[in-house]
Every structure is written in structure tokens, then in C-alpha cells.
Amino acid sequence: MKRTLSILLCVLIFAAAVSPSVCAITPIDTQRPSSLTLQYTHGGKYFEGLNIRTYRIAEVFADGTYALTGDFASYPVKIYDVTSQSEWRNIATTLAAYAEADDIEPTCTGVTDEWGMVSFTDILPGMYLTVSVTSVDGATVTIFETFLTVVPHPSEDGDHDYDVTAIPKSDSYTTGGDIEYKVIKLWKDEGGTDKRPANVTVDILEDGELKFTQVLSPENNWSYSWKTADDGSVWYIVEREVSEDYTVTVTREGNTFIIVNKIIQEIPEAPQTGDTMALWPYAVAMCLSGGGLIILATWRKRAEE
């Protein structure tokens with residue numbers, strides 16, 4: 001059975017304010033030329049000159065289902081049966097690490113302008129992953145998180161908006177001294193240790209470059225730590241040769257990376273697209289995942305004011 005995610009994308013950005021009945025229900029035109037505009041701003045400042053890379057990780061079908069595509073289709077990551085914002089954030093983190101480690105060619109690249117904006121035009125509808133970027137100004141580091149978004153988004157008239165604009169979530173801090181990172185392997189297999197491998201190999205990358213390769217096993221409590229200069233580098237963790245019995249996600253909590261292998265159960269039937277009551281909160285959560293997206297339908301008007 002094809003592993004797909006079936007979602008209905010709701011019109012408004014704030015989940016608490018959205019009515020389940022206000023959802024787009026018309027079929028998606030999967031070949032319609034579309035656009036994605038991103039704005040990089042933090043603390044009232046616009047960030048010019050950032051190199052942005054965006055990947056089309058999943059194709060969308062007319063009925064609103066999604067399936068991983070291209071190089072991403074081979075990774076042991078599931079995008080079906082996802083029901084929370086945190087799960088989408090972990091999926092974004094995991095796929096971004098694979099993209100960096102395997103040097104996948106981005107679907108779109110661009111440099112932000114004086115308003116912190118970059119636009120990708122004539123793209124196909126689908127699910128898009130934009131990887132994290134940082135800006136270093138002296139001892140101040142501003143980090144824009146990895147995030148997912150979907151093109152198109154539903155519009156208020158029950159159709160779809162194929163020109164999407166979003167702002168990634170950001171944070172800022174002051175560097176200094178050394179920092180310790182840790183990677184931990186966890187298993188979600190209901191104690192089914194008979195299917196676990198004796199060890200796993202992980203690649204640890206700094207700003208996309210391989211820094212360490214480490215074997216995790218019971219002998220080191222499935223964990224590894226390292227110290228490095230706190231200079232604003234972006235770190236990625238990739239598990240190699242994942243057992244066919246498991247999927248993988250990587251979660252970051254502070255300076256700790258948690259690799260979770262979850263045993264593959266029977267793949268559930270994709271929810272029907274008419275099931276708006278059950279699906280609309282999760283659709284909004286996905287739209288907000290990772291980057292804390294803010295959809296700005298009128299950004300051009302605001303920029304002119």
C-alpha cells in the first residue's frame with residue numbers, strides 16, 4: 001500500500017480561530033504553476049543576503065494526499081498518520097539532515113533581498129522543506145529553523161491559493177565558550193528487542209560537513225557526546241542503514257539529539273478527504289510545524305505601507 005498522508009488544509013493560520021467547516025474541498029490542480037515566498041525577519045530586522053535552499057519532498061494528489069518523492073522517497077521516514085505539530089517538526093529535522101548528508105540538489109535556491117524576502121516561482125504543488133540558516137553578527141547568532149509548508153493552501157472561497165507566503169520561526173542568542181552536544185538512540189518497539197540491530201551507525205555533521213561517524217550500541221548506552229566551540233554552527237544527525245522493520249525520526253531538545261526508531265506496524269488506511277472534523281486541527285499543525293509558519297496573504301500591501 002502506498003504510504004500517503006491525507007490532509008485537508010484549513011484557510012486561517014491560527015488553529016484556535018479556525019472553524020472545522022471552513023476548509024478547502026475542491027480538487028487540487030497538481031500541475032498548476034505555483035509560488036512560495038519566504039520572509040526572514042527577527043526582532044524587527046530584515047535579513048538580507050541569506051542563502052535559502054528549499055526541497056520539494058512530497059508530491060500532492062488531487063484528493064489532498066501526499067507521498068514522499070524523488071530522493072526523499074527512499075528514506076525510512078513516514079508522513080502518514082501524523083497527528084501533531086511536534087511530529088511534523090521532527091520529520092522536517094530528519095529529512096533536512098538526510099538532504100545535507102547526501103548532498104541532495106535543492107529544488108529552489110535564492111538569496112534574500114533587503115526586505116528579507118526570497119520568492120520561488122513556477123514550482124509544482126507539493127510539500128516543501130526549507131532548511132535552517134543562521135546569521136552571525138559579532139557574538140549574536142540568529143537562527144531560522146528548518147520548516148515544512150505545503151503549496152497550495154486553501155482559500156476562504158473553498159478553492160486553493162497557489163501563491164503561498166510564509167515566515168520561518170527564528171531565535172537569537174549570544175555565543176561564547178564551548179558547548180556540549182549529545183546524541184541518544186531510543187527504541188519504540190514495545191520491547192521487541194529481537195528485531196533491533198546490535199548497533200547503529202550515525203553521521204554527525206556540522207554545517208552540512210561530516211564531522212564524526214559514531215557507532216551506538218548497548219556498550220555505550222546508545223549515546224555519544226562531544227564538545228565544540230559555540231560559534232553558531234548548525235548540527236545534523238543522520239542514522240545510516242536503518243533496519244527495514246523501523247522508521248526513523250530525529251528530535252532536538254536543547255543540545256540533545258534523540259534518534260527514535262519506531263517499529264513499523266500495519267499501515268493505516270488514509271483518512272477520507274471528507275473527514276474534516278478529525279483532520280483540520282492536524283492540517284493546521286502541519287502548516288505551522290518547524291518554522292512556525294505565518295501565512296501572509298497581503299504581504300505585498302504591507303511592504304508598501
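The legends below describe close-up views of a predicted model. Local features are reported only where pLDDT is at least 70, and side-chain atom pairs only at pLDDT 80 or more, whereas totals for chains, interfaces and linings use all residues. Residues are numbered from 1 along each chain as its sequence is written, and side-chain values use heavy atoms, with hydrogens and water left out.

**View 1. The largest pocket and its lining.** The largest pocket has a volume of about 680 Å³ and is lined by 26 residues, of which Ser132, Ile143, Glu145, Arg252 and Gly254 lie nearest its centre. Two or more lining residues come from each of α1 (85–101), β16 (170–174), β17 (178–188), β21 (235–240) and β22 (246–253), and α1 gives the most, with five residues. (On a 1 Å grid over the protein atoms alone, a pocket is an open set of points where a 1.4 Å probe fits, with protein on both sides within 12 Å along at least five of seven lines, and lining residues have an atom within 4 Å of a point; helices, H or I, of at least four residues and strands, E, of at least two are DSSP runs.)

**View 2. The nonpolar cores.** Within the largest nonpolar core, which has 50 residues, Ile57, Phe72, Leu95, Leu129 and Ile237 touch the most other members, and the largest share of this core, eight residues, comes from α1. Leaving aside residues up to four places away in sequence, Leu95 touches Ile57, Leu68, Phe72, Tyr75, Val77 and Leu129. (A core joins buried Ala, Val, Leu, Ile, Met, Phe, Trp, Tyr and Cys residues through side-chain atoms within 4.5 Å; buried means under 20% relative accessible area with a 1.4 Å probe, protein chains only; contact means heavy atoms within 4.5 Å.)

**View 3. Aromatic pairs.** The structure holds 15 aromatic pairs, and one of them, Phe72 with Tyr75, is edge-to-face, at 6.1 Å centre to centre and 70 degrees between the planes. Phe72 counts as buried because its relative accessibility is 3%, and Tyr75 is likewise buried at 12%. Tyr181 and Trp235 form a tilted pair, 5.6 Å centre to centre with 45 degrees between the planes, which links strand β17 to strand β21 across 54 residues. Both Tyr181 and Trp235 belong to one aromatic cluster that also includes Phe212, Tyr224, Trp226 and Phe257. (Rings of Phe, Tyr and Trp, the last by its six-membered ring, pair if their centres lie within 6.5 Å; planes under 30 degrees apart count as stacked, over 60 as edge-to-face and the rest as tilted.)

Technical notes: Grid points are joined across faces, edges and corners, and a volume is the space filled by probe spheres set on the points.
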